[in-house]
Amino acid sequence: MKQTPAHDTVNHDLLSLIPPNARSIVEVGCMRGQMARAYLANHPTARYVGIDIDPDYAQVAEKLCTEAFAADIESLTQDRFGRLFPSDCWIFGDCLEHLRDPWALLRRIRAQIDRDGCLLACIPNAQHWSVQWRLLSGQFRYEDSGLMDRTHLRWLTRTTMLEMFQAAGWQVSHGFSRIPATAPMQDAMLDGVRRFALECGLDPDLAVQDALPIQYVFKVTPA
């Protein structure tokens with residue numbers, strides 16, 4: 001299956017969380033290396049390794065990263081994986097949800113990352129009101145990109161994202177939501193979310209709050 005179409009947009013929320021003194025960065029799902037180019041422009045002495053499962057993307061990224069290669073991060077041999085260390089910053093920009101077992105990979109990185117290291121992630125929100133609408137209408141159809149990306153293997157909410165990091169030995173040091181501009185159906189859908197939460201005995205305000213973000217951004221450190 002073809003991967004998510006490449007783009008040259010830099011996730012500035014993630015970029016802002018990369019430590020300015022990072023020594024060795026590993027970005028999984030680097031696409032064409034735009035994040036590397038943006039960071040190395042101001043921090044040229046850092047080592048920046050880009051990994052992407054698509055060989056065409058990795059070939060372009062190789063020109064912008066210190067090193068880049070194509071691989072399935074979950075299938076790397078222990079020797080090849082070990083050569084990514086020492087490293088003090090790992091980045092997953094809309095990538096963890098594409099993995100078969102992100103919990104295992106997070107534990108594997110946690111075991112080897114520098115003691116002062118961090119991991120950055122941007123993760124789509126499976127609780128977004130538009131996904132709830134798709135479930136209610138039965139129109140749960142995959143698309144080339146976005147929340148319904150056909151290459152997504154995992155669906156996570158704010159609650160289960162936090163549980164995932166905790167179970168893998170990480171603690172959240174920074175976290176915030178990315179909320180898009182108001183869409184035409186949004187107000188009516190959120191009213192429906194509120195009423196459904198009340199009928200289920202859930203907190204309606206929290207249900208609405210969790211249905212707004214399209215993504216969550218995290219900086220986590222070893223617990």
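This is a predicted model: local features need pLDDT of at least 70, side-chain atom pairs count only at pLDDT 80 or more; totals for chains, interfaces and linings use all residues.
Figure 1. Helices (H or I, at least four residues) and strands (E, at least two) are DSSP runs, numbered from the N terminus. Phi of Met 31 is near 50°, a positive value in a residue other than glycine. With a relative accessibility of 15%, Met 31 counts as buried (buried means under 20% relative accessible area, exposed over 50%, partly exposed in between; 1.4 Å probe, protein chains only). Residues are numbered from 1 along each chain as its sequence is written, side-chain values use heavy atoms without hydrogens and water, and local features need pLDDT of at least 70. Side-chain atom pairs count only at pLDDT 80 or more, whereas totals for chains, interfaces and linings use all residues.

**Figure 2. Asp 94 in the loop between E4 and H5.** Asp 94 is found in the loop between E4 and H5. Although Asp 94 is not a glycine, its phi is positive, at about 55°. Asp 94 is partly exposed, with a relative accessible area of 27%. Most residues other than glycine have a negative phi, and most peptide bonds are trans.

**Figure 3. The cis peptide bond from Phe 85 to Pro 86.** The bond from Phe 85 to Pro 86 is cis, with omega near 5°. Pro 86 belongs to the loop between helix H4 (78-82) and E4.

Figure 4. In strand E4 (residues 89-93), 4 of the 5 residues are buried, so the strand is largely enclosed by the rest of the structure. Cys 89 in E4 is the bridge partner of Ile 25. Strand E5 (residues 118-124) runs parallel to E4, and 5 bridges join the two. Gly 93 stands opposite Cys 122 in E5. From E4 the chain passes through helix H5 (residues 102-112) to E5 in a right-handed β-α-β crossover; right-handed means that, with the strands pointing away from the viewer, the path from the first strand over the helix to the second runs clockwise.

**Figure 5. The largest pocket.** The largest pocket holds about 1000 Å³ of space. A pocket is an open set of points on a 1 Å grid over the protein atoms alone, with protein on both sides within 12 Å along at least five of seven lines; a cavity is a set where a 1.4 Å probe fits but cannot get out, and lining residues have an atom within 4 Å of a point. Grid points are joined across faces, edges and corners, and a volume is the space filled by probe spheres set on the points. Of the 43 lining residues, Thr 4, Met 31, Gly 93, Asp 94 and His 98 lie nearest the centre. The lining divides into 19 nonpolar, 14 polar and 10 charged residues (Ala, Val, Leu, Ile, Met, Phe, Trp, Tyr, Cys and Pro count as nonpolar, Asp, Glu, Lys and Arg as charged, and the others, Gly among them, as polar).

**Figure 6. The largest cavity.** The whole structure has 1 cavity of 30 Å³ or more. The largest cavity has a volume of about 50 Å³. Its lining includes Glu 97, His 152, Arg 154 and Trp 155.

Technical notes
Two strands pair if DSSP finds at least two bridges between them.
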